[in-house]
Amino acid sequence: MSKNVKFIQGNEVCVEAALYAGLDFFAGYPITPSTEIAEHMSLRLPQTGGKFLQMEDEIASICAIVGASLTGHKVMTATSGPGFSLMQEGLGYAIMTEIPCVIVNVQRGGPSTGLPTGPSQGDVYQARWGVHGDHAIIALTASNHQDIFSITVDAFNMAETYRTPVILLFDEVVGHMRERLVVPEPEEIPLVERLRTSVKAGVDYHPYLPREDGRLPMSDFGGVHRYNVTGLFHDMWGFPSNNSGVTHGLLRHLVDKIKNNVEVITRFKEYYLEDAECILISYGSSARSALHVMENRRSRGDRIGLLELQSLWPFPYELVRKKCANAKHIVVVEMNMGQVIRAVKRAVDHPDRVVLANRIDGFFINPTDIKNILRLIQGKGV
Amino acid sequence: MTQFNIPDTDYMYPGHVGCPGCGATIAMKFALKGLGDKTIMVIPACCWAIIAGPHPQTALKVPILHTAFETAGAASSGVRAALDMKNDTETTVVAWAGDGGTFDIGLQSLSGAAERNEDFIYVCYDNEAYMNTGVQRSSSTPYGARTTTTPGQDWKQTRKKNIVEALAAHRIPYAATASIAFPEDMIQKFQKAKEMKGGTRFIHVFATCPSGWRVSSEMSVKIARLAVQSNFFPLYEVEHGVKYSLNYKGDRPVEDYLKAQGRFRHLTDADIKEIQKMTDEDLGLLMRKAEI
């Protein structure tokens, strides 16, 4: 059978992958550089029997998908910097109410209106801590179209597994770039479907009572069970509670369900780490330049390797520590003032060996930028 | 309509980064002729946030506060309050927003400001979609139009939000429509709004977008004229939410207006009849309010 090959934009790949994962509702609002996701959804969803809504702003978008997800559908919204800021209240609500959804942030330069058409990776910590209050979050990323496809499907699977919002942190470069995509065959990538309760109609259903494995079976809202959903701290029935035990228990549950599964959630790619004296750590479009530099230096005999992170939160501290145990130099390549590098320094045994190769001027980080840092490390001067 | 002399002074520089035939730039040129140089422009995300643009192509000779998308009404309120504290009653604060920043994301801050009856002029230059991000529908997009988020057979099936009526319902001192094809009327309205200090004044300006509406750039003003002549966009004023006056009554069918534009090309004769019916209904309602 011939393969289904497409030559499309990263944003369109994200749409196709979401549809593959079973998405049937999307609500969004135009914002560069993520607009093509909404545009492509408006075309594709009616074809697949789903529904597309263009909302009046970004907080409306996230609240619409939360409502649709609770009612039994796989959902997504997409935005960029300022829109992601507007979404934070809805994101916190989805975390608190444990409603599966996927939020795409195609990062552009910030803060504020920033650089609408320029790439950045400056929202890594906003993805982690943009929401007020203690919480946990899953944030994934990818550097090429094939990976955008699989990581987007992963995002939907994780959203269902852990009943949580999952953030896809892409950037302007991978979002707008066009390259080859081999569309996976149906069932080639396993899908996690909504875990629905086996509790029959008329029997007391506890929407917030986890099973032994920690998962919470859902009942389509407005269906056979009447229950309460609130952004307040709530008990196993979903009713508001300020009982200290309930509050303590819920917050621990919200954090632990993700924290205790770091190893399962972690996604990464590694190149030549076994004997590497110098390890590049990167993610998103920056990882493409890092890969190029790594291949180039390897061909000259340098013992250099690359660790490409595809899950940024929960941060894989243990993985990074183990992989970097024997490295003399660790270079974090990212398009910001140094965000992932903070987590890397916390993870490794020798934080003094970690340096940053970055770019913050709205231009794609290119191999020369990384090579210059490597030359400095080797004492060669730029 | 009375004839009068259009002020000679321009507060817009020649040469800017707007698209050829951009109605929004024509709107600004006329608006500033009416407002003069003691004006502060508060501009949220919209085409004009770009056109006001990078040095040396800065298009305006007045100060610009480029604010966040949803905040034109709020940011203008703050600027006005500070000017009042400094006893500066001369400077006119003008919020200058597109239809997305007015009808959709900015409606909350606009409504808040209008209810407080903030002393500024809010201008919506309306090109009937999110043009800056590449023609996505807004709640100002008219029934029947194709955009990149109402594509193919899924062209927009809901009516354009009537923003002037929404603002008039706030009982603000002045709400009016204006068109780039009727400069005397438009400049007079801006002068009138400027003189009516002490409350919120709202002017809804019809501004053709040749690239988004799929018309050639030299048709920009003609299309705007057809919108008024076909009563698709009637020119009228509302004082204190109750006193309506119709400034121009058109007599052409909407077909003339619709057929001139690519965004309506897919419409059948039945669709056009439906739009004519809606237009007649809206005009009838307006005329009853104006007691004509």
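Select B:Val135 to begin: this residue sits in the loop of chain B that runs between strand 4 (121–126) and helix 6 (163–168). Please note that the model on the screen is predicted. Display the backbone at B:Val135, where phi is near 65°, a positive value in a residue other than glycine. Is B:Val135 buried or exposed? Its relative accessibility is 17%, and since buried means under 20%, B:Val135 counts as buried.

Next, move to chain A and select A:Arg163. This residue belongs to the loop between helix 6 (145–162) and strand 8 (165–171) of chain A. A:Arg163 is buried, its relative accessible area being 5%.

The following two stops concern peptide bonds. As background, most peptide bonds are trans. Select A:Thr32 and A:Pro33 together; the peptide bond that joins them is cis, with omega at about 0°. A:Pro33 lies in the loop between strand 2 (25–28) and helix 2 (35–47) of chain A. Then select A:Trp313 and A:Pro314, which are also linked by a cis peptide bond, this one with omega near -5°. Where in chain A is A:Pro314 found? It is in the loop between strand 13 (311–313) and helix 11 (317–323).

Now display both chains and turn to the interface. In chain A, 17 residues are in contact with 16 residues of chain B. The size of an interface is often given as the accessible area lost when the parts come together. For chain A and chain B, the buried area is about 1,200 Å², and carbon and sulfur atoms give 57% of it. Which residues of chain A lose the most area to chain B? Select A:Tyr29, A:Glu39 and A:Gln54: together they account for 38% of what the chain A side buries.

Examine the interactions across the interface of chain A and chain B. The rule finds zero salt bridges there, but it does find seven residue pairs in polar contact, with both residues at pLDDT 80 or more.

Finally, color helix 2 and strand 3 (51–54) of chain A, the elements that give two or more residues to the side touching chain B. Helix 2 gives the most to this side, with six residues. Sorted by class, the side of chain A that touches chain B has eight nonpolar, five polar and four charged residues.

Terms used: Residues numbered from 1 in each chain as written. Chains lettered and ligands numbered in written order. Predicted model: local features only at pLDDT ≥ 70, side-chain atom pairs only at ≥ 80, totals over all residues. Heavy atoms only, no water. Helix = DSSP H or I, 4+ residues; strand = E, 2+ residues; numbered from the N terminus. Buried < 20%, exposed > 50% of the residue type's maximum accessible area, 1.4 Å probe, protein only. Contact = heavy atoms within 4.5 Å. Buried area = accessible area lost by both parts, 1.4 Å probe. Salt bridge = Lys/Arg side-chain N within 4 Å of Asp/Glu carboxyl O. Polar contact = N/O pair within 3.5 Å; in protein donor to acceptor, adjacent residues only side chain to side chain. Nonpolar A, V, L, I, M, F, W, Y, C, P; charged D, E, K, R; others polar.
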